Amino acid sequence: KIGTVAEDLGYNAYVVGGFVRDLLLQTKNLDIDIVIEGNGIRFAKELARRLDGSVRTHEKFATATVILPDGQRLDVATARLEYYEYPAAMPTVELSSIKLDLFRRDFTINAMAIHLNPQHFGTLIDFFSSQNDLRERRIQVLHNLSFVEDPTRIFRAIRIEQRLDFHITRHTEKLIRNAVKMNLFDRFSGPRFLGELKQILSEDNPIPALRRMAQFDLFQFLWPDLRPNLKIDRRFVHVLTQAGRAISWFKLLYLKEKCEPWIVYLLAIYSRSRIRELINFCKRFELPEKLEKTLVRQKAAADRIARDMLHRPHMKPSEIYWLLQDLDNEGLLYLMAIARKKHIQQAVSRFVTELRKVQPLLSGHDLQEMGFTPGPLYRTMLNHLIETQLNGEITDKKTAREFIL
Ligand code: CTP
């Protein structure tokens with residue numbers, strides 16, 4: 001359908017980037033990026049009209065997102081012929097729009113397209129020997145200024161390398177090292193780097209990527225405060241590994257609650273630092289204020305609780321309950337990661353799977369029926385009730401009533 005709509009408008013349509021890469025690697029990728037030689041916005045509107053979808057346009061960038069009735073999203077961009085800013089680049093005259101569009105991308109393996117117009121449907125377009133790089137599992141840039149143009153690509157290179165088990169070529173490695181030396185980072189916006197970091201910390205196992213980042217000296221940029229004590233040493237790896245275990249454990253519980261692994265990892269990275277340093281990080285990468293507050297609160301509480309619990313292997317269920325009830329899921333998993341004793345992890349596990357689900361056997365309504373006037377006293381009574389329930393002293397409504405009376 002995409003190809004037909006483009007054809008009818010006199011345009012060429014291509015699917016490009018990660019989708020093509022993953023198609024050739026036979027891995028799943030649901031992000032579809034379309035490039036149009038022509039007017040991308042006009043195309044997107046027409047496609048949405050014919051497929052009963054909706055469309056969001058960004059005129060400034062000549063891009064649009066089409067959302068189909070089944071929820072599938074298509075990102076549409078316009079390939080335009082423009083002068084290439086760098087004199088060292090290929091002569092512009094030689095480039096068709098799609099070629100120039102692909103040439104501006106991050107790595108050769110992401111710079112392939114598949115033609116979608118009916119007569120050419122399925123034709124793979126590979127100007128830069130990308131298939132070869134894919135076969136050889138190589139990550140390399142298309143031109144030497146790639147990282148200068150966009151230093152977030154350094155993080156992308158590392159993420160893709162670790163995720164797909166590829167390797168960054170020597171030349172591209174050198175370009176990364178040069179870009180790091182040039183200290184280009186300050187000129188670029190915090191949120192874009194944060195986006196990349198979030199993606200790295202959301203991988204199944206981010207530790208190899210973190211090691212790679214350390215090799216490229218990127219920690220000094222990400223975590224300048226941590227420089228003296230943040231090394232990929234045993235303790236650091238241990239805490240991150242524990243964080244990974246806690247996250248996998250939590251996922252296996254199939255709870256409907258949300259938990260963002262990248263937050264757990266970020267807290268784990270800051271486990272040996274002071275709150276001040278975490279705040280500095282938040283400011284530097286312009287985290288939303290609400291998120292900054294949450295992070296700080298979780299770290300402060302979990303660090304304190306970890307110390308508190310260290311020498312208390314025999315806590316009553318109610319003690320565990322009151323201590324842990326203010327932590328979010330991320331804070332709980334972080335606590336598991338930094339715990340130096342098994343009993344702490346067991347307590348958190350028990351809290352998540354069992355204790356925190358305990359509801360008081362009586363409701364406010366019950367209390368009213370028993371003759372109590374509604375007010376703040378209710379909370380206190382119900383808290384007392386929960387406490388006895390948690391410790392297994394009360395298990396039915398009748399005894400609960402007697403207890404309250
Ligand atoms: N891209 C780029 N430079 C960037 C980011 C993206 O050139 N800094 C290009 C790449 O060609 C990439 C495409 O834009 O393939 C789409 O970007 P994105 O959806 O972020 O990445 P994918 O490669 O599609 O997917 P993944 O996140 O799985 O790597």
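In helix 17, select residues 329–338 and look at what surrounds them: the buried residues pack against helix 12 (234–252), helix 13 (261–269), helix 15 (289–309), helix 16 (317–324) and helix 18 (342–353). Keep in mind that this is a predicted model. Nine of the 10 residues of helix 17 are buried, so the rest of the structure largely encloses it. Color them if you like: Glu 330, Gly 331, Leu 332, Leu 333, Tyr 334, Leu 335, Met 336, Ala 337 and Ile 338.

Step along to helix 18, where Ile 344 lies. Is Ile 344 buried or exposed? Ile 344 has 22 other C-beta atoms within 10 Å, and the cut-off for buried is 20 or more, so Ile 344 counts as buried. Leave out residues up to four places away in sequence, and Ile 344 touches Ala 306, Met 309 and Ala 339. Now draw a distance from Ile 344 to Ser 363, C-alpha to C-alpha. The two are 19 residues apart in sequence and 32 Å apart in space.

**Zoom out: the whole chain**

The protein chain has 21 helices and nine strands. Its radius of gyration is 27 Å, well over the 22 Å that the globule rule gives for 405 residues, so the chain is more spread out than a compact globule. Along the principal axes, the C-alpha atoms fill a box of roughly 90 × 55 × 35 Å. Buried residues make up 35% of the 405 residues. Among contacts with a separation of 6 or more, 63% join residues 24 or more positions apart.

Go to strand 1 (residues 12–16). Four of its five residues are buried, and the strand is mostly covered. Strand 1 runs antiparallel to strand 2 (residues 32–37), and five bridges join them. Strand 1 also pairs with strand 6 (residues 113–115), again in the antiparallel sense, over three bridges.

Which residues are the bridge partners of Val 16? In strand 2 the partner is Asp 33. In strand 6 it is Ala 113.

Strand 6 and strand 7 run antiparallel and are joined by two bridges. Here Ile 114 stands opposite Leu 124 in strand 7.

**Last stop: the ligand**

Select the ligand and show the residues around it: Gly 17, Gly 18, Asp 31, Asp 33, Arg 105, Asp 106, Asn 110, Asp 150, Thr 152, Arg 153, Arg 156 and Ile 160. Asp 33 is in this shell, and Asp 33 is also the strand 2 bridge partner of Val 16. Which element gives the most to the shell? Helix 7 (residues 152–164) does, with four residues. By class, the shell has seven charged, four polar and one nonpolar residue.

Notes
Residues numbered from 1 in each chain as written. Predicted model: local features only at pLDDT ≥ 70, side-chain atom pairs only at ≥ 80, totals over all residues. Near = placed C-beta within 6 Å. Nonpolar A, V, L, I, M, F, W, Y, C, P; charged D, E, K, R; others polar. Buried ≥ 20, exposed ≤ 12 C-beta atoms within 10 Å, placed from the backbone. Contact = placed C-beta atoms within 7 Å. Pairing = 2+ DSSP bridges. Rg over C-alpha atoms; globule rule 2.2 N^0.38 Å.
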